[in-house]
Amino acid sequence: MSGAARPLVTAEDLLRSPGAPLPEGALLTPLARDLLRRQGGREPGPGTSAPRAARLVVANWKSFKTAPEARAFAAELREAARGAAWAATPVICPPFTALHALHEALGGVAELGAQDVSAEDEGAWTGEVAARHLTDAGCRWVLVGHSERRAMGEDEPLLARKLRAALRGGLRPILCVGETSQERQARREQAVVREQLRAALSGLEPERLRRVAVAYEPRWAIGAGVTPSAGEVEVMLAVVREGLAGLGGPALAAGTSVLYGGSVGAENAGELLRVPGCAGALVGGASLSAAKFARILGSG
Ligand code: PGA
């Protein structure tokens with residue numbers, strides 16, 4: 001499923017050895033592509049700039065929907081899936097209380113994820129839901145570091161522990177990263193995202209790193225009805241991949257599902273999902289409607 005190892009070439013690589021032949025199947029970051037053009041070099045052929053990572057469209061229901069409402073959604077999604085050829089795997093993250101019912105009602109039409117996980121495996125932690133409880137309820141995935149949880153006080157050390165607890169418990173974390181509007185205004189978005197990746201992922205063994213997906217979600221776009229331009233998304237997805245390459249090498253960077261999230265809807269999903277390097281979307285508000293979620297899935 002995961003893509004073959006494809007060497008990532010950054011602008012820095014090109015500056016270090018100008019005119020050197022590009023490795024076969026090279027994946028160029030947007031900055032490297034610009035620089036190469038200016039240097040008069042030839043880009044790799046068409047189709048070589050999109051890494052082959054598993055495509056995912058993830059629904060984050062936040063604090064919406066009861067178990068009966070989740071069952072009704074599942075019935076609608078199953079209907080929509082008939083005859084549809086979705087390129088991405090749907091993943092749905094409902095509130096904890098709807099996990100079990102939704103898992104049964106989905107009948108395999110989508111995978112199940114949770115919105116949060118305890119940093120502890122089990123024990124006297126009142127109110128905490130651990131990875132083993134989530135796999136028991138049918139979860140395969142879990143969001144870690146969503147900006148709404150960061151805003152509730154979850155800091156980098158806690159998120160790193162949650163991510164490790166998820167992996168230990170057999171879950172696949174979807175690590176959310178992204179800058180605030182102030183950080184973007186100060187042109188710090190790339191540094192912020194690099195640091196969030198490093199804080200959560202450094203020191204993880206390669207076989208664990210390979211189980212992580214990343215969602216780039218600019219905090220100012222979440223629930224706001226505005227998104228970055230396709231070009232801005234492309235740059236930030238490449239920054240995530242550069243960060244991943246630094247942590248685990250180019251094969252990891254090419255094989256990791258890097259998603260975009262923040263005001264994705266049925267009307268803009270096509271454009272966002274076609275951004276080079278985009279392996280899917282993390283969808284909040286629009287995922288509450290099965291019809292809209294199915295349209296997003298049908299967009300690419
Ligand atoms: P939104 O939320 O699609 O409603 O902007 C995205 C998210 O919070 O993950």
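Ground rules. Residues count from 1 along each chain as its sequence is written, and side-chain values use heavy atoms, without hydrogens or water. As the model is predicted, local features need pLDDT of at least 70 and side-chain atom pairs pLDDT 80 or more, while totals for chains, interfaces and linings use all residues.

The overall picture. The chain has 14 helices and ten strands; these are DSSP runs, H or I of at least four residues for helices, E of at least two for strands, numbered from the N terminus. Of its 300 residues, 51% are buried, meaning under 20% relative accessible area with a 1.4 Å probe, protein chains only. Take contacts, heavy atoms within 4.5 Å, between residues at least 6 apart in sequence: 68% join residues at least 24 apart.

Now the cores. A nonpolar core is a set of buried Ala, Val, Leu, Ile, Met, Phe, Trp, Tyr and Cys residues joined through side-chain atoms within 4.5 Å. The largest has 70 residues, and L77, I92, L106, L175, L201 and V240 touch the most other members. Helix α11, residues 230–248, gives the largest share, seven residues. Apart from this core lies another, of 14 residues, including V91 and A279.

Look at V240. Leaving out residues up to four places away in sequence, V240 touches V177, V193, L197, V214, Y216 and V258.

That brings us to α9. Helix α9 covers residues 189–201 and spans 18 Å between its end C-alphas, close to the 18 Å expected, at 1.5 Å times one less than its number of residues. Its buried residues include V193, L197 and L201. Just after α9, G203 takes a positive phi of about 90 degrees.

Terms used
Buried means under 20% relative accessible area, exposed over 50%, partly exposed in between (1.4 Å probe, protein chains only).
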